[in-house]
Amino acid sequence: MRLSKTTEIMVGIFVLLGFIAAFLLALNVTNLGNLSSKQSYDVKVYFDNIGDLRTRAKISMSGVKIGRVSRIAYNQERGQAEVTMTLDSQYKLSIDTQASIYTAGLLGEQYISLEPGAEDEVLKSGDVITLTQSAMVLEEIIGKVMVNLTSK
Amino acid sequence: MILESVRNIGHKTLSIFQRVGQASIFLLHILGGIKSLLLRPSLIVQQVYSAGVLSLLIILFSGLFVGMVLSLLGYVTLVEFGVEGSLGVLVSLSMIRELGPVLAALLFSGRAGSALTAEIGLMKATEQLASMEMMAVDPVKRIVTPRFIAGVFSLPVLTAIFMAVGIYSSFLVGSIWLGVDEGSFWSQMQANVDFQHDLINGFIKSFVFGVVVMWIAVFEGYHAIPTSAGVSEATTRSVVYSALAILGLDFILTSIMFGL
């Protein structure tokens, strides 16, 4: 069967449009665009309580996003939560960096905020951040306030 | 009287089983034609034109307006809580997970599936299929398989176009007309839409819908009663069954993919 040239051209345009659409979706809409190509390294951090922290949560330094939480597990030996952070290689952090869990806004997601340290030595892949501050859990705060109020 | 109605129920049930069996065997027959089809790809190109390219207009316009409406309604609700920056997430997730695959499949079954049923049904009514058999040409391989494969290929392509047009039109309404910050619109979207979990699953849905819509359309056409009333009935059934199958399967697929 011979196809007319217009049919072939139209089908070609159709298929190309589909590919362009899928490409735009993958790069502009999903996380594919900002994950690939960048070099990264993993740093571990231990918290007593991580609250509602989830994997893929933001890690920020002075409010700038520099990485993501890639794994959360419970470490039995230490009796603490072990959080693995994947950080962008272009950011070098000193070994006395402090990590805290904050909440974005009143009802927002929880994220890890890093405070820069003063040491010259920098963290390498697989290192552990020791200075940490756990998540604020609303029930604990209420509990403390109640104790304070009743003890007066 | 009672005996009669019991017999009727039994007859109905058995005929349902028979139809399911026929449809399954028919699907195997269609898939069996793929190998010989590879030697004549021009048959598929012709059918991609009539199933895919001709459906492009309705898909483009529906995507445009669905995206705009979603953006408008989402904005009105989100702005009350001061989180209109999440508009991009709302629109893109609902577009990619649900509305894209489902609406594109429903439109496709109405635009391409019904036409296919009527075409094959009319071929049967005018005995074109029977005359092919007389010439030792298998009408399933020659007529049905290319249409089936072309449809299964076209629907995911149309769905991708539908999703992209919907998301960009929602950007037009939300960000350019209503003034949601452009940066938070895109960055929150990229932060919350996962390539594998959302986009790939959306396309898997769309592929499954494509198979189901095409299967129902060609089966109803091929087994239509060869009269004008029979063909019209088959066309109606094709659209109704496709819509029900799409929505039912969507619930099952969603609960597997996105349910906890």
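Modeller: From the N terminus on, the elements of chain B run α-α-α-α-α-α-α-α-α-α. This is a predicted model, in which local features need pLDDT of at least 70 and side-chain atom pairs count only at pLDDT 80 or more, while totals for chains, interfaces and linings use all residues. Residues are numbered from 1 along each chain as its sequence is written, chains are lettered from A and ligands numbered from 1 in the order in which they are written, and side-chain values use heavy atoms, with hydrogens and water left out.

Biologist: How many helices and strands does chain B have?

Modeller: Chain B has ten helices and zero strands, where helices (H or I, at least four residues) and strands (E, at least two) are DSSP runs numbered from the N terminus. Its C-alpha trace spans about 65 × 55 × 30 Å along the principal axes.

Biologist: Why is α1(A) called roughly perpendicular to α8(B)?

Modeller: Helix α1 of chain A, residues 5-29, packs against α8(B) at an angle of about 95°, with the axes 8 Å apart. Because angles of 65 to 115 degrees count as roughly perpendicular (under 35 is roughly parallel, over 145 roughly antiparallel, the rest oblique), α1(A) is roughly perpendicular to α8(B).

Biologist: Which residues of α1(A) and α8(B) meet?

Modeller: L27(A), N28(A) and V29(A) in α1(A) meet W186(B), M189(B) and Q190(B) in α8(B), contact being heavy atoms within 4.5 Å. Four residues of this contact are nonpolar, two are polar and none is charged.

Biologist: What makes β2(A) and β3(A) a pair of strands?

Modeller: Two strands pair if DSSP finds at least two bridges between them, and four bridges join β2(A), residues 58-61, to β3(A), the two running antiparallel. One bridge partner in β3(A) is G67(A), which faces I59(A) in this pairing, and in the hairpin, with two residues between the strands, S62(A) takes a positive phi near 50°.

Biologist: How many bridges join β3(A) to β4(A)?

Modeller: Eight bridges join β3(A) to β4(A), residues 80-88, and these strands also run antiparallel. In β4(A), M85(A) is the bridge partner of V69(A), while G79(A), in a hairpin with four residues between the strands, takes a positive phi near 65°.

Biologist: Which residues lie nearest the centre of the largest pocket?

Modeller: Among its 30 lining residues, R56(A), E109(A), Q188(B), A191(B) and N192(B) lie nearest the centre. The elements giving two or more residues to this lining include β3(A) and α9(B), and α8(B) gives the most, with five residues.

Conventions
1 Å grid on protein atoms, 1.4 Å probe; cavity = no way out; pocket = protein on both sides within 12 Å on 5 of 7 lines; lining within 4 Å. Axes fitted to C-alpha atoms, helices over the stretch in contact; angles between N-to-C directions. Nonpolar A, V, L, I, M, F, W, Y, C, P; charged D, E, K, R; others polar.
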